[in-house]
Amino acid sequence: MTIWDTLQSSEDFLSVYDNSGIVRNEEGKFLSERLFERDVDIINRHNTNIPLFLYHPTVIAHFPFEAPKRFRDLHAHIDDHVTRNERAMFSLLDEGVGNITRALEDKGMLENTLFLFLADHGMFADTGRNWPFRAGAGTTFEGAIRSPAFIHGKGIKKTGYVNNE
């Protein structure tokens with residue numbers, strides 16, 4: 001038995017934790033859905049007299065390429081299942097970011113929010129397209145080290161700027 005087998009056999013290995021321990025009773029939901037719901041809950045419960053730092057490291061667009069059925073159904077016209085699931089994951093991402101934005105707006109916090117949207121690396125070359133860049137994740141070529149990002153917020157002075165270097 002390997003260490004991986006031992007870890008996977010542990011009930012707690014793939015569990016989601018919060019400040020009080022293992023999160024229970026959330027079976028049947030994708031992790032990304034659960035995290036977006038928790039983000040919205042944190043915003044809704046937040047005391048607006050205190051600054052909020054909310055960090056959301058999404059697992060969307062990482063292997064395994066899976067998404068909830070309702071998002072896969074939106075892209076049922078796409079024959080290739082990898083591409084269909086990829087698009088479904090991004091639809092889930094769109095909905096989640098939209099729900100966070102709406103919660104911030106409803107709470108009166110949106111005008112005082114700075115969004116940083118970053119990717120950790122480009123797509124894997126065998127499952128995605130990094131055109132016009134060469135290769136992808138797991139390499140030192142531009143397809144891995146150059147990835148999209150944006151910053152948005154009322155306090156940003158210089159807007160409409162694109163850096164292609």
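How many salt bridges does a search of the whole structure find? I ran that search on this predicted model, and it finds six.

**Getting my bearings.** I looked up the layout before the pairs. The chain has five helices and four strands, and along the sequence they follow the pattern α-β-β-α-α-α-β-α-β. Of its 165 residues, 25% count as buried. I also noted an accessible surface of about 12,400 Å², with 54% of it belonging to carbon and sulfur atoms.

**Arginine 45 and aspartate 41.** I found their side chains meeting in a salt bridge, 2.8 Å from N to O. Both sit in helix α2 (residues 31-45), and because they are four residues apart, about one helical turn separates them. Arginine 45 is exposed at 60% relative accessibility, while aspartate 41 is partly exposed at 37%.

**Arginine 70 and glutamate 95.** Here too I read 2.8 Å, N to O, for a salt bridge between the side chains. This pair links distant parts of the chain, 25 residues apart: arginine 70 is in helix α3 (residues 69-74) and glutamate 95 in helix α4 (residues 81-106). I have arginine 70 down as partly exposed at 44%, and glutamate 95 as partly exposed at 29%.

**Lysine 154 and glutamate 111.** Their closest N and O atoms are 3.7 Å apart, in another salt bridge. Lysine 154 follows β4 (149-153) and glutamate 111 is in the loop between α4 and β3 (114-118), so the pair ties together parts 43 residues apart in sequence. Both lysine 154 and glutamate 111 are exposed.

**One more note.** I then checked for shared partners: salt bridges join Glu33, Arg70 and Glu95 into one network.

Methods
Residues are numbered from 1 along each chain as its sequence is written. This is a predicted model: local features need pLDDT of at least 70, side-chain atom pairs count only at pLDDT 80 or more; totals for chains, interfaces and linings use all residues. Side-chain values use heavy atoms; hydrogens and water are left out. Helices (H or I, at least four residues) and strands (E, at least two) are DSSP runs, numbered from the N terminus. Buried means under 20% relative accessible area, exposed over 50%, partly exposed in between (1.4 Å probe, protein chains only). Accessible areas come from the Shrake-Rupley method with a 1.4 Å probe; for residues, only the protein chains shown count as cover. A salt bridge is a side-chain nitrogen of Lys or Arg within 4 Å of a carboxyl oxygen of Asp or Glu.
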